Amino acid sequence: MNRQEREQLIAQYAAGYDQVVAALQGFPPGKLTARAIPGKWTAAEIVHHLADSETTSAIRIRKLLAEDHAIIQGYDQEAWATRFRYNERDITPSLEAFRQARATTMQLLPAMTDADWAREGWHTESGRYSAETWLKIYAVHAHNHAAQIARLKDAVGR
């Protein structure tokens, strides 16, 4: 990956929170936990997942930067959704956790060197995992979930 490609992905990563907030605009508050699309998460579940995923991803990039041959632990997102009662909780603190985790990580990304981006660890589920792998995943993660929230908003609005 060259510097220009990284800069585009970093910009995309930086815009992720705002895209999620925009997707939530006009979402009926009483429908945040409606399972409008069978087999898919609710809007509340998505927001809580984003908070948990973002805090986890913030640790992952820090481990990659600070530890030689970092071990990146996978987790069962479905179990987290159930055990952490995503559909029973207010989304406001999770939106703030998501925002702040991204903000602190954005303090790191622009200053990373080519050597930093090349650092690698091992993901317990997917194997070899570099800082560039991390960026490719998390640059689109929030945008994908924002699109999912938009589809849910359309479905509950019918």
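Helices (H or I, at least four residues) and strands (E, at least two) are taken here as DSSP runs, numbered from the N terminus. The model is a predicted one, so to speak of local features takes a pLDDT of at least 70 and side-chain atom pairs count only at pLDDT 80 or more, while totals for chains, interfaces and linings use all residues. Residues are numbered from 1 along each chain as its sequence is written, and side-chain values use heavy atoms, with hydrogens and water left out.

Start with the sheet. Three strands make up an open sheet in the order β1-β2-β3, with mixed pairing (two strands pair if DSSP finds at least two bridges between them). At the edges sit β1 (71-72) and β3, each pairing on one side only. Strands β1 and β2 pair in the parallel sense over two bridges, and Ile 72 stands opposite His 123 in β2. Strand β2 (residues 120-123) runs antiparallel to β3 (residues 127-130), with four bridges joining them; here Trp 122 has Arg 128 of β3 as its bridge partner. Three residues lie between β2 and β3 in this hairpin.

Then there is the largest pocket. On a 1 Å grid over the protein atoms alone, a pocket is an open set of points where a 1.4 Å probe fits, with protein on both sides within 12 Å along at least five of seven lines, and lining residues have an atom within 4 Å of a point. The largest pocket is lined by 13 residues, and Arg 60, Tyr 75, His 123, Glu 125 and Tyr 138 lie nearest its centre. Helices α2 (43-66) and α6 (131-156) each supply at least two residues of this lining.
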